[in-house]
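Visitor: I would like to learn how to read helices in a model. Please take me through a few features.

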Amino acid sequence: MRAVQLVEAGQSPSVVAQILGVTLASLHRWRRLARQRGGLRCHAVPGRPRLLTDDQLKQLEILLRCGPVAHGWCNQLWTAARVAVLIRRHFGVQYHPEHVRKLLKQRLHWTSQRPQKHARECDDKEVERWVALEWPRILRQALQRHAHVALLDESGFLLAPVVRRTLAPRGKTPLLVCSDRHDRLSVISAISLSPWTLRVGLHFMTLGDNENFHGEEVVLFLQQLKGAIGGAWTVVWDRNQIHSRSRVVQAWLAKHPEVTVEDFPPHAPNTNPDESVWCWTKYGELSNLAPNDVAELRDHVWDALIALKHRPQLLKSFILHARLPLQLN
């Protein structure tokens, strides 16, 4: 009504529409309605009433936060179909799964997410203690020794692709032609950190086709680290037997006292930022990759890690994602 009054008073329709935050089409429609018999009616058009009230929606969110296992399903995976069953079971309302998906996103602000694995054997209190006490100690001692910190881990890349969702026309499922062989490529890498400048880098080494890591290969990589950046090092790794328990590694460390080693908490891979290097490479850059042989796989892995090496801010985000503070208090 206010828009019609302003236009009838001689104001420009485009200016009125801009001031009131409406479209020109709506403004012209209101003017036509105002000229009809009965004039303009400011009554909202009634829509279909919601089958779930706001209070019921709050109850639904409480039920969902209990997890699917608490409601009889075998795993912690909420799907639209399962939520539709839960709504019908507790509120007697029949919803299509696609409407349930829209309801969760628009009214509960839920999003589709990929679960993060957490080891059942992990001691969460020990992890918190390590992050709060041991990690600052490692940085402090490295700073005193003018040493770089290397966060080290190994991983393997299979010839079989890591299959992820992709876009395609409806009804045209993409066909990924790949090898059925179980060949693999073993890779070791380390995110390096300079405690006094907070400069972050990446170092890596690949093995031959279908080779596994042993103490000898770990020593080769430690030598590569020393060759890339001289001086003292503090290496932080998991408690794998090829690390501290390897006689070859122990003998090399005894000859190089400038290199000290620390252990991550047991059964806590998410504490190691180098795990994000593998996640970013496997599930991001190289997902749906179907190489012909290990040589082609090696080229793609090498190119991806070289590209990551030149993205220090992304590497720094991996450290922050592991909830490791970069600066001492």
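Guide: The expected span is 1.5 Å times one less than the number of residues. For the 12 residues of H5 this gives 16 Å, and the end C-alpha atoms are 16 Å apart, which agrees. This is a predicted model, where local features need pLDDT of at least 70, side-chain atom pairs count only at pLDDT 80 or more, and totals for chains, interfaces and linings use all residues. Residues are numbered from 1 along each chain as its sequence is written, and side-chain values use heavy atoms, with hydrogens and water left out.

Visitor: Which residues of H5 are buried?

Guide: An α-helix has 3.6 residues a turn, so residues three or four places apart point the same way. Buried means under 20% relative accessible area, exposed over 50%, partly exposed in between (1.4 Å probe, protein chains only). In H5, the buried residues are Ala80, Arg82, Val83, Ala84, Leu86, Ile87 and Phe91. They pack against helix H4 (54–65) and helix H6 (97–106), contact meaning heavy atoms within 4.5 Å.

Visitor: What follows H5?

Guide: Glycine 92, with a positive phi near 65°. Leucine 198 also has a positive phi, about 55°, although it is not a glycine. Leucine 198 sits in the loop between strand E2 (184–194) and strand E3 (199–209).

Visitor: Where is histidine 267 found?

Guide: In the loop between strand E5 (259–263) and helix H10 (274–285). Histidine 267 has a positive phi near 55° and is partly exposed, at 48% relative accessible area.

Technical notes. Helices (H or I, at least four residues) and strands (E, at least two) are DSSP runs, numbered from the N terminus.
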